[in-house]
Amino acid sequence: MTGDRRLTVAHGRFGILRDMKLVLAVIQDADATALVRVLSENAFEVTKLASTGGFLREGNTTLMIGVDDDRLDELKRHVQRTCRTRTRLVAPSVPMGEQNEGLVGDPVEVPVGGAVMFVMGVQEFVKV
């Protein structure tokens, strides 16, 4: 295994830190329970954070997942299979034309869901 680094862990013992990534996965609330279950069943350790944002300013879930480099593709597959894209009708609030013409009233269908994943290198991982 290349790139091994020593690190200090609890009680003054030493262990080997493998090359790891920290993945922040921003997913729709509707997919959170199923994805956490699938990841836990496949021995991924997950921390769940409530978050808000995106185009519709709705609640979503951000998962923090520490993963060895050699399991990153497996993690991506689980996220892709579990977090699906949906469409939603949204009433637009964008003014049309001149000021006195008002707002467009017809709902517009927009895609929502899926997942956004940020993958970052981990300098050090210590579990106490």
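Predicted model: local features only at pLDDT ≥ 70, side-chain atom pairs only at ≥ 80, totals over all residues.
Figure 1. Starting at the N terminus, they come in the order β-β-β-α-β-β-α-β-β-β. Take the contacts between residues at least 6 apart in sequence: 63% of them link residues at least 24 apart.

**Figure 2. A look into the largest nonpolar core.** This core has 14 residues. Which of them touch the most other members? They are Ile 27, Leu 35, Leu 39, Leu 63, Ile 65 and Leu 75. As for the elements behind this core, β3, α1, β5 and α2 each give it two or more residues. Pick out Leu 39 and follow its contacts, skipping neighbours within four places in sequence: Leu 39 meets Phe 44, Val 46, Leu 63, Ile 65, Leu 75 and His 78.

**Figure 3. Helix α1 and its buried residues.** Helix α1 is made of 13 residues. From its first C-alpha to its last, α1 reaches 19 Å, close to the 18 Å you'd expect at 1.5 Å a residue. Which residues of α1 are buried? Look for Asp 31, Ala 32, Leu 35, Val 38 and Leu 39.

**Figure 4. Asp 31, a buried residue of α1.** Asp 31 sits in helix α1. Is Asp 31 buried or exposed? With a relative accessibility of 4%, Asp 31 counts as buried, because the limit for that is under 20%. Leave out residues up to four places away in sequence, and Asp 31 still touches Thr 82, Cys 83, Arg 84 and Arg 86.

Figure 5. After α1 comes Ala 43, with a positive phi near 65°. Why give this residue its own close-up? Most residues other than glycine have a negative phi. Ala 43 isn't a glycine, yet its phi is positive, at about 65°. You'll find Ala 43 in the loop between α1 and β4 (46–53). Ala 43 is exposed, at 62% relative accessibility.

Figure 6. Side chains of opposite charge can pair when their charged atoms come close. How many salt bridges does a search of the whole structure find? It turns up 3. One of them joins Asp 69 to Lys 21, with 3.6 Å between the closest N and O atoms. Asp 69 belongs to the loop between β5 (58–68) and α2 (72–82), while Lys 21 belongs to strand β3 (residues 20–28), so this pair ties together parts that are 48 residues apart in sequence. How open are the two partners? Asp 69 is partly exposed, at 33% relative accessibility. Lys 21 is partly exposed too, at 24%.

Figure 7. Arg 37 counts as partly exposed, at 45% relative accessibility. Glu 41, with a relative accessible area of 57%, is exposed, because the cut-off for that word is over 50%.

**Figure 8. The salt bridge of Glu 74 and Arg 71.** In this view, Glu 74 and Arg 71 bring their side chains together in a salt bridge, at 3.0 Å from N to O. Glu 74 has a relative accessible area of 23%, so it's partly exposed. Arg 71 is also partly exposed, at 22% relative accessibility.

Figure 9. Met 120 is part of strand β8 (residues 115–121). At 33% relative accessibility, Met 120 counts as partly exposed.

Terms used
Residues numbered from 1 in each chain as written. Heavy atoms only, no water. Salt bridge = Lys/Arg side-chain N within 4 Å of Asp/Glu carboxyl O. Helix = DSSP H or I, 4+ residues; strand = E, 2+ residues; numbered from the N terminus. Buried < 20%, exposed > 50% of the residue type's maximum accessible area, 1.4 Å probe, protein only. Contact = heavy atoms within 4.5 Å. Core = buried A, V, L, I, M, F, W, Y, C linked by side-chain atoms within 4.5 Å. Expected span 1.5 Å × (residues − 1).
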